[in-house]
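Have the sequence and the 3D view at hand as you read.

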Amino acid sequence: MNNVQVIVNGRPQELPEGASVAEVVATVTTAASGVAAAVNDEVVRRGAWTTTTLRDADRLEVLTAVQGG
């Protein structure tokens, strides 16, 4: 299986070909809620994370909500 190069939160990362948004989000945060993901500046619905695969040169941003004052 080949690997792809993607940018995750601004950092280059090598992933196995066919890696899903859900798989990569799980490596970034363990938060069960308050998490959003965008691929190439397009928000990906949470229900589509497992079926959205990352391709070479994609940019994934994983954002988590933070509470505080």
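In α1, the buried residues are Val21, Val24 and Val25. Here, buried means under 20% relative accessible area, exposed over 50%, and partly exposed in between, with a 1.4 Å probe and protein chains only. Looking down the axis of α1, you will find these buried residues within an arc of 105°, so they line one face of the helix; the arc is that of the directions from the helix axis to the C-beta atoms. An α-helix has 3.6 residues a turn, so residues three or four places apart point the same way.

The face of α1 turned away from the buried side carries Ala26 and Thr27, which are exposed. On the buried side, the residues of α1 pack against β1, β2 (11-16), β3 and β5, where contact means heavy atoms within 4.5 Å.

A word on the source: this is a predicted model, in which local features need pLDDT of at least 70 and side-chain atom pairs count only at pLDDT 80 or more, while totals for chains, interfaces and linings use all residues. Residues are numbered from 1 along each chain as its sequence is written, and side-chain values use heavy atoms, with hydrogens and water left out.

## The nonpolar core

The largest nonpolar core has 17 residues, and Leu15, Val21, Val25, Trp49, Leu54 and Leu60 have the most contacts inside it. Such a core is a set of buried Ala, Val, Leu, Ile, Met, Phe, Trp, Tyr and Cys residues joined through side-chain atoms within 4.5 Å. Two or more residues come from each of β1 (3-8), α1 (21-28), β3 (35-39) and β5 (59-64).

## The overall fold

Buried residues make up 30% of the 69 residues.

## One salt bridge

How many salt bridges does a search of the whole structure find? There is one, and it joins the side chains of Arg59 and Asp41 at 2.8 Å, N to O. The term covers a side-chain nitrogen of Lys or Arg within 4 Å of a carboxyl oxygen of Asp or Glu.

Arg59 lies in strand β5 and Asp41 in the loop between β3 and β4 (42-44), 18 residues apart. Arg59 is partly exposed, at 36% relative accessible area, whereas Asp41 is exposed, at 64%.

Conventions. Helices (H or I, at least four residues) and strands (E, at least two) are DSSP runs, numbered from the N terminus.
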